[in-house]
Structure formats: C-alpha cells, structure tokens
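Here is a short note to read beside the model. Please keep the structure open as you go through the points.

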Amino acid sequence: MKKGTLALLIHGGTDNWSPERWQARFNEVCRDRPVLSLAEARSAAAEVHYAAVWKPAPGKLAVFPNLRAIFNLGAGVDAVLADKTLPDVPLVRVAVGDLTGRMTEYVVLHVLMHHRQEPYLRQSQREKRWAPKAQWAASAISVGVMGLGTLGADAAQVLCRLGFKVAGWSSSRRDIAGIDGFHGPDQFDAFLRRTDILVCLLPLTSDTRHILSRDVFAKLNRSGPLGAPVVINAGRGGLQNEADILACLDDGTLGAVSLDVFSQEPLPADSRFWTHPKVVLTPHNAADTDPDEISRYVARQIERFEAGGALENVVDRERGY
Ligand code: NDP
Ligand code: OXD
C-alpha cells in the first residue's frame, strides 16, 4: 500500500492540545508521510487517508472521501461517535502505557487522599489545629472500580498492591489476580454493597450515561471507617447525575467526591462544585494525552496497517467503546 496522507483534526484549547505541538511531533514520527494541518486538510480533502482527531465537530470527517482509518487521540471515543456522519472506517482509540500510568497516579492519589483524611488535615493546617483523628489500615477500605478495561485494571492492581481490598465491575467477566470480579447488571448491587470508595473509569455509552446517581450512591457501604462513601469519577462527566451528587453530599449519602470530569467543560464559574467543601476537583487532567508517546503510537499503527497488519484497539461501534 502506498504511504497515505495523515490529517490532524485538532482544534486547540488547553496547553496539551496545541495543534502546533502535535504537528511538530507528527512531522517527526511520520518523516516520509505527508502530515496536514486542519486548514491544509480542508483544501486537499481527497488526499487524506488517515485522520488523527480530538473532539472533531460533527461532519468534519465526512468530507474525506478516501479515508482508511480514524485515530482518536484519547481513550474515550464518545465525542467522535456522537457524529452521525462518521465515515464507516476503523476507529482506533488510545491504549498506551503512558496514559494508563498517568490515570493510575490520579486514582491512587485520590483514593489515598480520602483514605488518609487529607481534606481534613489540610483544613486543620489552615486553622493551625493539631488534632489528628484515628487512622486505619488500607486493608480496612474496600475500593470498587467501575470499568476494568485498560485503565481500570491497572489502577485496581496498584491499589491492591497498596493493601486495599479491591473489586472491579465490568460488562463481561474479567479475572484479575487479587481483584474481586463482578460483571453485568445482575452483579452490580453486590459490587456496590461492599464498596467504601467507588472509582469510575467507565466509557460514556448509552448504557452508562448518568449511572452515577442517587440510586447507586445509596447502595454503597456505610459501615466502613470513612463514615460515608466516597466517589471518584475520572471517566466522563456524562456518567454522573450532577444534581444527585450535590444533593447526596449535602444530605450525607456521600462523604466526599473527587471529580475530574463534568457534563459541561470548562466547568461554569457559577457551578456549586467549585466551592463545595466536600468536593475535590480537577480540570479533566487526570491523564493528559501526551503528544510524544501518542504520535509514535499512531505512526506505528499506520505503518503496520500499510504493511498488511491489523489495527489495534479498534472501537466496537455497536458497544460504543
Ligand atoms: P476500556 O474500553 O479499556 O475499558 C472500559 C471498561 O468499562 C471495560 O472493562 C468494560 O467492560 C467496562 N464497561 C463498559 N460498559 C459497561 C457497562 N455497561 N457495564 C459494566 N462495565 C462496562 O476503556 P479505558 O479503560 O481505556 O478508558 C475508560 C474511560 O476513561 C474512557 O472511555 C474515557 O472516557 C475515560 N478517560 C478519561 C481520562 C481523563 O483524563 N479523565 C483519560 C483517559 C480516559 P468489558 O471489559 O467487559 O468490555
Ligand atoms: C481521554 C481523555 O479520553 O483524555 O483520553 O479524556
């Protein structure tokens, strides 16, 4: 197969999504392959064979008549699949060690933050109050990870090594040493009932939208040392019912939350999440997509594909992830 042209559909926004930075990286790793910017691709649509994209606006990919594959530059493909005109070519998502490691850091950081009572200790420091509360062992805490895929499985295994009791919930059965596996709707309640800290690393699909709701929070374990359950969501904002989260924090159904993702991003200035004392908030940067590793990943995949090999991590459009 003749070397195809790659178009970068990256609109910019935050630092790590600078189109110039991505273009420089792709030029480096695709030395003998034309790499077009968004503007160049628009005026040479028929020449485009591959597209590397991040949140392209609906309709933007349908203009390329000779497309062979689309590479999403992140793990979550919900934004791409929302495009009803998406060309019927393989859609590849990111699954690389760099992204996985970053997400595991985030999950471990936030599980430990709640387990080690960091919000209380920081408040004590601000008030110059020397008032340690009783501490407990990691083995006293049950963490439940929703989504045991590339990211969830790694985070679960590291938490397990730290001594937490860890369970995971997935769509199909997953057997991972040291992790109590639950799967499917029938086993969801049992998974929730044994969970003190719920970590959500699900993809956003029609089955998972708003899954983090009062019904679910009310089933979490309330008899653990934390006093009330904690929820950590780094999947997508669409997974959470935000009104339910705030109401459950206010009435004590939840003790605290860590949220990296929101239904509207950037989070509006008047959102109660900014100032709620039981909320730890980050601006969707749990696991930044790194241009260095991911441009190499895409370049490798295209090379292999053109040599007759199979693409890896192709999204199942029926399932939505
Ligand atoms: P994977 O596709 O590897 O894993 C998804 C997991 O979710 C699988 O275990 C799957 O089950 C499970 N799952 C999907 N639907 C259901 C369901 N209805 N019920 C139960 N389990 C379900 O995805 P990744 O681990 O790579 O990524 C997960 C998500 O993390 C991404 O989709 C993205 O939204 C988010 N993300 C967020 C980032 C951030 O910075 N905040 C960065 C990167 C990703 P099964 O194993 O049976 O298929
Ligand atoms: C992703 C993300 O899906 O960064 O990779 O959110």
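**Note on the predicted chain**

1. The chain has 10 helices and 12 strands. Helices (H or I, at least four residues) and strands (E, at least two) are DSSP runs, numbered from the N terminus. The radius of gyration is 21 Å, close to the 20 Å that the globule rule gives for 321 residues, so the chain is as compact as a globular protein of that length. That radius is taken over C-alpha atoms, and the globule rule is 2.2 Å times the number of residues to the power 0.38.

2. A word on conventions. This is a predicted model, in which local features need pLDDT of at least 70, side-chain atom pairs count only at pLDDT 80 or more, and totals for chains, interfaces and linings use all residues. Residues are numbered from 1 along each chain as its sequence is written, chains are lettered from A and ligands numbered from 1 in the order in which they are written, and side-chain values use heavy atoms, with hydrogens and water left out.

3. Now the overall dimensions. The C-alpha trace spans about 65 × 40 × 30 Å along its principal axes. Of the 321 residues, 51% are buried (under 20% relative accessible area, with a 1.4 Å probe and protein chains only). The chain exposes about 15100 Å², and carbon and sulfur atoms supply 51% of that area. Accessible areas come from the Shrake-Rupley method with a 1.4 Å probe; for residues, only the protein chains shown count as cover.

4. Contact means heavy atoms within 4.5 Å.

5. One open sheet has five strands, in the order β2-β1-β3-β4-β5, with parallel pairing. β2 (35-36) and β5 (91-92) stand at the edges with a single partner strand each, so one side of each has no neighbour in the sheet. Two strands pair if DSSP finds at least two bridges between them. β4 (residues 69-72) joins β5 over two bridges in the parallel sense. There, Ile70 is opposite Leu91.

6. Look next at β10 (residues 230-233). β10 pairs in parallel with β9 (residues 197-200) over four bridges. Leu198 stands opposite Val231. Four bridges also link β10 to β11 (residues 256-259), again running parallel. Here Ile232 faces Ser258.

7. β10, helix α9 (residues 242-250) and β11 form a right-handed β-α-β unit. Right-handed means that, with the strands pointing away from the viewer, the path from the first strand over the helix to the second runs clockwise. Ile245 lies in α9. Its relative accessible area is 0%, so Ile245 is buried. Beyond its neighbours within four places in sequence, Ile245 is in contact with Phe217, Gln240, Leu254, Val257, Leu259 and Phe273. Ala138 is 107 residues from Ile245 in sequence and 25 Å away, C-alpha to C-alpha.

8. Ser295 belongs to helix α10 (residues 291-306). Buried or exposed? Ser295 is buried, at a relative accessible area of 0%. Ser295 and Phe26 are 269 residues apart along the chain, yet their C-alpha atoms are separated by 5.7 Å. Ser295 touches Trp22, Arg25, Phe26 and Val29, not counting residues up to four places away in sequence. A polar atom of the Ser295 side chain lies 3.2 Å from the backbone oxygen of Asp292.

Notes. Buried means under 20% relative accessible area, exposed over 50%, partly exposed in between (1.4 Å probe, protein chains only). A polar contact is a pair of N or O atoms within 3.5 Å; within protein, one must be able to donate a hydrogen and the other to accept it, and residues adjacent in sequence count only if both atoms are side-chain atoms.
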